[in-house]
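Subject: Handover of a structure

Dear colleague,

I am passing on to you the structure below, together with its sequence. Please look at it before reading the notes that come after it.

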Amino acid sequence: MITILMGAPGAGKGTQAKLLESNYGLVQLATGDMLRAAIGSGSALGEQVKSIMSAGSLVPDDIVIKLIEQRLSTGAIGYVLDGFPRTPAQAEALEQFLGKRGEAVTAVIALDVPESYIVERVTGRFTCGSCGAGYHRVYRPTAVDGVCDQCGGKNFVVRPDDQQEVVEKRLAVYAEQTAALLPFYEQRGLLTKIDGTGTVEAVAERLAHVLKLRNPVKASA
Ligand code: AP5
């Protein structure tokens with residue numbers, strides 16, 4: 001079961017992918033998280049992608065394709081791809097890679113969120129520096145101010161690419177390079193667009209409904 005979550009920056013892909021992981025046992029593969037981990041570790045890869053990411057541009061295709069291919073080989077019952085593919089070359093590489101293994105993408109779900117909501121969502125985001133739990137100043141604050149609900153950590157981080165001008169650049173990159181994937185998957189009969197506005201729980205319910213239609217046995221487990 002390979003589900004791709006698509007949507008503009010801040011559409012809620014990461015939030016929903018984590019819920020799919022905990023509710024259905026799917027493994028979240030988030031290229032943005034992998035690249036940020038590489039930067040955090042100070043690896044050669046991190047050094048290579050740091051300035052590209054903080055400028056809001058896309059990392060070269062060969063780098064992210066390699067990252068995803070390595071992780072898709074872990075033998076999990078299913079995966080939710082969050083932030084990949086982002087270009088036609090990435091989508092084609094994924095199709096070829098899965099095809100060689102006799103597998104295919106099960107569903108592509110695009111979270112539709114108007115641009116006017118996006119900037120507010122992204123600029124309000126912060127993450128626990130210890131466990132990575134995600135929050136939002138208004139929509140998803142911690143229960144106790146300054147303390148992570150999940151691990152009790154008190155260190156929070158804000159992504160350098162979440163400043164307003166970089167978010168605007170990321171939105172432009174999405175429109176220019178990634179939105180073209182919607183017709184790519186529509187032609188293959190895989191795409192469902194859902195409303196990504198409303199509460200996190202309301203969006204999760206819409207997503208679960210689509211997954212049950214696409215993969216009735218596994219998604220209702
Ligand atoms: P990446 O990390 O993938 O960022 P993104 O796609 O821009 O997505 P975001 O993480 O900003 O948003 P999201 O949709 O996951 O929303 P979230 O759930 O966090 O990529 C970062 C960079 O890495 C790229 O710019 C590029 O440089 C590079 N990169 C990554 N993948 C690549 C690839 N394949 N190819 C090339 N380069 C690549 O939610 C956002 C906020 O809204 C949170 O605060 C959340 O709490 C809140 N929220 C979520 N849902 C709701 C809701 N329903 N109501 C109210 N608030 C909500």
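The notes below take up the ligand and its surroundings, then a pair of helices, and lastly a peptide bond.

Please bear in mind throughout that this is a predicted model.

The ligand and its shell

There are 33 residues around the ligand, and those that come nearest are T15, S57, R86, R125 and R170. Sorted by class, this shell consists of 13 nonpolar, 12 polar and eight charged residues. Several elements supply at least two residues each to the shell, namely the helices α1 (13–24), α2 (31–41) and α9 (200–214) and the strand β6 (134–136). The largest share comes from α2, which gives four residues.

In T15, a polar side-chain atom is 2.5 Å from an oxygen atom of the ligand. For K13, the distance from an N or O atom of the side chain to a ligand oxygen is 2.9 Å. The side chain of R159 likewise places an N or O atom 2.9 Å from an oxygen atom of the ligand. As for the ligand as a whole, it exposes 1000 Å² when taken alone, and the protein buries 95% of that area.

R159 in its loop

R159 belongs to the loop that runs between β7 (156–157) and α7 (164–178). Its side chain also makes a polar contact with the side chain of D161, at 3.0 Å. Beyond its neighbours within four places in sequence, R159 is in contact with R36, R125 and R170. Two of these residues, R125 and R170, were named above among those that come nearest to the ligand.

The helices α2 and α4

The helix α2 also meets α4 (residues 61–71): their axes come within 11 Å and cross at roughly 105°. The two helices are therefore roughly perpendicular to each other. On the α2 side the contact is made by T31, M34 and L35, and on the α4 side by I63, V64, L67, I68 and R71. By class, the residues of this contact are six nonpolar, one polar and one charged.

A cis peptide bond

Most peptide bonds are trans. The bond that joins F84 and P85, however, is cis, with omega at about -5°. P85 is located in the loop between β3 (79–82) and α5 (88–100).

With kind regards

Notes: Residues are numbered from 1 along each chain as its sequence is written. This is a predicted model: local features need pLDDT of at least 70, side-chain atom pairs count only at pLDDT 80 or more; totals for chains, interfaces and linings use all residues. Side-chain values use heavy atoms; hydrogens and water are left out. A residue is near a molecule or strand if one of its heavy atoms lies within 4 Å of it. A polar contact is a pair of N or O atoms within 3.5 Å; within protein, one must be able to donate a hydrogen and the other to accept it, and residues adjacent in sequence count only if both atoms are side-chain atoms. Accessible areas come from the Shrake-Rupley method with a 1.4 Å probe; for residues, only the protein chains shown count as cover. Ala, Val, Leu, Ile, Met, Phe, Trp, Tyr, Cys and Pro count as nonpolar, Asp, Glu, Lys and Arg as charged, and the others, Gly among them, as polar. Axes are lines fitted to C-alpha atoms, for helices over the stretch in contact, and angles run from 0 to 180 degrees between N-to-C directions. Angles under 35 degrees count as roughly parallel, over 145 as roughly antiparallel, 65 to 115 as roughly perpendicular and the rest as oblique. Contact means heavy atoms within 4.5 Å.
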